[in-house]
Amino acid sequence: NAPARDDEFMFGPDLLAAPVVEPGATTRSLYLPPGRWIDLWRAVQYDDGSFSLRRRARTMRGSRQVTVPAPLAELPLLARAGTILPLLRPDVDTLTGYGRARGLVHLDDRAGAMRLLAFPRGRSRAEIGAGESVRSTEDSRGWRLRIRGKRSRRYSLQASLATLTRPFRPEKVTLDGRPVRWSYKRGTLRVSFRTAAGTLRVRQAPGVSGR
């Protein structure tokens with residue numbers, strides 16, 4: 001197996017960036033670390049400052065050399081299967097408390113809302129703030145997401161159930177045992193809910209696979 005090159009960079013434990021370094025290149029050869037990985041730009045779209053899942057995500061086996069698309073305006077970016085990405089609201093202009101210009105949106109102005117983009121597989125964990133976290137667990141009955149926050153927030157979750165070890169179509173979604181509204185299309189689950197600390201459980205329909 002080839003080692004990672006000096007021009008491949010890990011951002012935390014879950015994101016791998018591989019800038020194009022050859023003039024005119026439209027593909028990028030890179031070494032994937034062990035595990036399963038998702039080519040992020042083949043799974044998400046970026047529109048008006050916001051990321052969203054756009055198609056059924058597919059995982060790639062790691063511990064090997066792969067070649068991925070690298071169009072001119074696209075930095076090759078891969079996410080480890082199991083990744084949970086906490087995202088700010090797209091209208092946030094600054095993380096600081098400085099400035100009082102009309103229409104300027106500070107982070108604190110949107111502290112009660114968070115977007116989560118998830119590629120669940122096995123067990124994983126992510127920080128969503130100082131002393132706050134989310135834990136993702138795949139089991140025989142489906143998938144659950146446990147949130148431990150310090151304040152109540154409105155979460156907008158998009159989760160790719162296609163990246164699970166055993167993909168499935170959801171039958172029921174609950175928050176701490178109470179049903180919540182949800183939608184499912186092309187391998188992507190969408191749920192909006194409010195909690196400070198709670199467990200979202202997604203149960204699979206008996207005998208129905210999501211592959």
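Visitor: At 25% relative accessibility, what does arginine 80 count as?

Guide: Arginine 80 counts as partly exposed at that 25%, the class that lies between buried (under 20% relative accessible area) and exposed (over 50%), with a 1.4 Å probe and protein chains only. The model is predicted, so local features need pLDDT of at least 70 and side-chain atom pairs count only at pLDDT 80 or more, while totals for chains, interfaces and linings use all residues. Residues are numbered from 1 along each chain as its sequence is written, and side-chain values use heavy atoms, with hydrogens and water left out.

Visitor: With which residue does the side chain of arginine 80 meet in a salt bridge?

Guide: A salt bridge is a side-chain nitrogen of Lys or Arg within 4 Å of a carboxyl oxygen of Asp or Glu. Here the partner of arginine 80 is aspartate 14, at 3.7 Å from N to O. The two residues are 66 apart and link distant parts of the chain, with aspartate 14 in the loop between β1 (9–11) and β2 (15–17) and arginine 80 in strand β9 (residues 77–80); strands are DSSP runs (E, at least two residues), numbered from the N terminus.

Visitor: How many salt bridges does a search of the whole structure find?

Guide: The search finds eight. Among them is the pair of aspartate 39 and arginine 42, whose side chains meet at 3.1 Å, N to O; aspartate 39 is buried, at 9% relative accessibility, whereas arginine 42 is partly exposed, at 26%.

Visitor: Which residue forms a salt bridge with arginine 201, and where in the chain do the two lie?

Guide: Arginine 201 pairs with aspartate 139, their closest N and O atoms being 3.6 Å apart. This pair also links distant parts of the chain, since arginine 201 belongs to strand β18 and aspartate 139 to strand β13 (residues 132–139), 62 residues apart. Arginine 201 is buried, with a relative accessible area of 12%, and aspartate 139 is buried as well, at 17%. Elsewhere, salt bridges with shared partners join Asp39, Arg42 and Glu74 into one network.

Visitor: Which residues touch the most other members of the largest nonpolar core?

Guide: A nonpolar core is a set of buried Ala, Val, Leu, Ile, Met, Phe, Trp, Tyr and Cys residues joined through side-chain atoms within 4.5 Å. The largest one holds 25 residues, of which Leu116, Trp143, Leu157, Leu161, Leu189 and Leu200 touch the most other members. At least two residues of this core come from each of β11 (113–118), β12 (123–129), β14 (142–160), β15 (168–175) and β18 (188–209), and β14 gives the most, with six residues.

Notes
Helix = DSSP H or I, 4+ residues; strand = E, 2+ residues; numbered from the N terminus.
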